[in-house]
Amino acid sequence: MRKSEEKVDMFEEKTLEEGVKSTRALIQSFLQTVKAFRLYETGHPILSKFLDRLRKDFEHYFHEFDSFSLQIGEHRLFYQGKVVYESQDLKESLSFLFFKDGIREIQFTKGLEFREILDFLNVVRKGEHVNRMEDDLVTLLWEKDFSHISFTTVDDFLGGSGIFVPATWEDLVKGSEFKGFPDGGLGEGIFEKEARQELREEEGLKQLINPSLGQSLAQACQLTPDEMERLRQEVEQEQTPEYLFFLINNLIEILLHLGEDVDAYENMISYFERLIHSLLEQKEIEKVVTILRNLNETMESMALKDKQIFAILRILDASSSPQSVELLGKAMKTNGERNQDSILQYLSFLTKQAIDPLCLLLGELESGKWRKAICDVLVELCREEIQPLTKYLKDPNSFLVSHLLYVLGRIKHPSTLKYLEGLTDHNDQKVREELLQVLNKFGNKGKDLLYKLLKDPSPEIRAKASILFAKTAKQGATKPLMEIILSEDFYKRDYEEKASFFKALAETGSEEIVPTLKKISKKRRWFQREKWNEMRLCASNALKMIEANKRSVEQSFH
């Protein structure tokens with residue numbers, strides 16, 4: 001028995017080695033073709049040679065194996081747990097291209113058509129330059145509706161967070177330290193002036209009362225070299241990170257010992273608000289983050305009186321005011337890369353007061369990275385209550401509306417659908433496309449709005465809506481879909497749209513559509529023959545899908 005088992009193990013190991021070897025060879029051919037797609041235009045002789053070789057390589061591969069399945073890591077591609085491709089170059093890496101959009105496995109199955117290979121390569125080429133806030137690789141692949149290419153994804157809801165999380169101790173120290181006030185900054189102006197004034201009052205007054213013999217009043221008021229050096233040292237001290245921490249801690253300590261004097265609280269709140277506003281104007285985001293962090297830590301670590309809690313909350317709210325968010329937006333637009341970590345930390349401190357100004361800022365930003373960060377914040381701020389967002393769905397800025405739909409789709413609040421009624425007729429196609437993505441997340445509850453999109457002016461949206469409508473409404477979608485397919489001019493539509501509607505009809509699983517599909521597949525017309533032949537082909541494919549689904553169900557029972 002042991003020898004028999006060893007032979008089986010050796011055979012399986014040899015089979016795996018052959019599979020890995022063949023997969024690596026096909027991957028190499030695939031990568032070379034992808035590079036050719038980047039370098040040459042469609043129809044170029046060199047590109048045609050690469051495509052022809054790839055087609056033959058796929059055919060040869062499928063003579064040995066039924067499927068070509070790849071698991072996707074951040075920098076590697078795997079075949080049955082074995083590494084078949086690795087690249088650390090994020091710009092060139094094929095694995096990272098798929099990984100960053102949440103694709104974790106791609107499978108090509110036997111029967112793969114050359115047209116599908118071309119479409120897949122075109123999607124890969126387009127995916128390298130796609131605007132992530134408007135589309136992604138998963139959506140582009142889904143739109144192609146491949147018959148022999150499938151992929152597995154992860155939910156991007158758990159993707160990024162607007163909060164900076166240090167990976168190492170050095171990152172933590174770097175994210176916490178303070179660089180001090182630069183020359184001409186807020187601290188220098190205030191503290192240098194106070195120091196000079198104090199010295200002049202103390203030393204100059206003595207000279208005015210009893211000036212040295214022969215000194216003029218102006219000479220008596222001049223600072224000595226020792227005084228200048230002492231002043232320079234004090235100013236430098238005020239500019240150190242430790243001094244800023246010392247100042248903030250002292251101010252907070254004063255806040256905690258104000259007693260019951262209401263005016264004193266108002267004065268302290270006003271001072272902090274002015275300080276935050278001034279720092280934001282200078283784009284010193286990191287310093288504002290230090291203030292907000294210290295105030296938050298005070299709230300969490302100490303037992304405070306109501307007046308003290310109220311005062312700190314007022315100060316924290318100052319960072320979420322329309323003026324503060326507007327200044328933060330200016331920092332994002334000008335030197336956002338330099339202040340990236342600080343801006344992300346600042347966003348994590350925002351309160352619900354920031355929702356309106358964030359929505360306005362979202363409609364202005366050009367950077368996809370910052371739009372994504374703001375969307376992440378809005379998801380967290382509006383998770384329990386979406387009404388502050390819904391009023392902007394009527395905003396004339398369709399760019400803003402699209403992004404808010406993205407936010408609502410991530411929140412998936414039960415009341416969302418009632419706010420989407422008017423968007424099925426929106427004049428911007430991108431808004432209606434984003435609406436489709438949102439409706440897809442609400443399943444059967446969104447079928448009524450999906451039905452309206454079956455008559456959308458855009459063929460692409462009608463095609464996508466038909467598939468989603470069938471998946472959500474199931475057999476309830478049969479009659480509406482049949483009415484559209486049997487309408488007088490439906491056969492004149494583009495092939496892609498017709499194929500989607502017939503596929504949707506097959507997805508319903510209804511047996512009552514079979515006679516009609518057979519009738520269409522056999523019927524011939526002399527006028528518009530090419531368009532009608534497309535109808536016949538679509539009907540035949542739908543019948544095959546129904547039969548395949550039926551066999552699959554029967555096999556599952558056995």
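Thr139 sits in helix H5 (residues 137-144), where helices (H or I, at least four residues) and strands (E, at least two) are DSSP runs numbered from the N terminus. This is a predicted model, in which local features need pLDDT of at least 70, side-chain atom pairs count only at pLDDT 80 or more, and totals for chains, interfaces and linings use all residues. Residues are numbered from 1 along each chain as its sequence is written, and side-chain values use heavy atoms, with hydrogens and water left out.

- Thr139 counts as buried, at 13% relative accessibility; buried means under 20% relative accessible area, exposed over 50%, and partly exposed in between (1.4 Å probe, protein chains only).
- From C-alpha to C-alpha, Thr139 lies 9.9 Å from Val123, and the two are 16 residues apart in sequence.
- Asp145 belongs to the loop between H5 and strand E5 (149-153).
- Although Asp145 is not a glycine, it has a positive phi of about 55°.
- With 30% relative accessibility, Asp145 counts as partly exposed.

**The protein as a whole**

- You will find 26 helices and five strands in the secondary structure of the protein.
- Of its 558 residues, 43% count as buried.
- Take the contacts between residues at least 6 apart in sequence: 68% of them join residues at least 24 apart, with contact meaning heavy atoms within 4.5 Å.

**H11 and H13**

- Helix H11 (residues 262-281) and helix H13 (residues 306-318) have axes that come within 9 Å and cross at roughly 20°. Axes here are lines fitted to C-alpha atoms, for helices over the stretch in contact, and angles run from 0 to 180 degrees between N-to-C directions.
- That angle makes H11 roughly parallel to H13, since angles under 35 degrees count as roughly parallel, over 145 as roughly antiparallel, 65 to 115 as roughly perpendicular and the rest as oblique.
- On the H11 side, the contact is made by Val262, Tyr265, Glu266, Ile269, Phe272, Glu273 and Ile276, and on the H13 side by Lys307, Gln308, Ala311, Arg314, Ile315 and Ala318.
- Sorted by class, the contact of H11 with H13 has eight nonpolar, one polar and four charged residues. Ala, Val, Leu, Ile, Met, Phe, Trp, Tyr, Cys and Pro count as nonpolar, Asp, Glu, Lys and Arg as charged, and the others, Gly among them, as polar.

**From H11 into H12**

- Lys283 is in the loop between H11 and H12, and its phi is near 60°, a positive value in a residue other than glycine.
- Lys283 is partly exposed, with a relative accessible area of 23%.
- Helix H12 (residues 285-301) has 17 residues and reaches 24 Å from its first C-alpha to its last, close to the expected 24 Å; the expected span is 1.5 Å times one less than the number of residues.
- Buried residues of H12 include Ile285, Val288, Ile291, Leu292, Arg293 and Thr298.

**H22 and H24**

- Helix H22 (residues 459-473) packs with helix H24 (residues 495-507) at an angle of about 5°, their axes 8 Å apart.
- This makes H22 roughly parallel to H24.
- Pro459, Arg462, Ala463, Ser466, Ile467, Ala470 and Lys471 of H22 meet Glu497, Ser500, Phe501, Lys503, Ala504 and Glu507 of H24.
- The contact of H22 with H24 divides into six nonpolar, two polar and five charged residues.

**Ser398**

- Ser398 is part of helix H19 (residues 398-411), and it is buried, with a relative accessible area of 18%.
- Leaving aside residues up to four places away in sequence, Ser398 touches His426, Asp428 and Val431.
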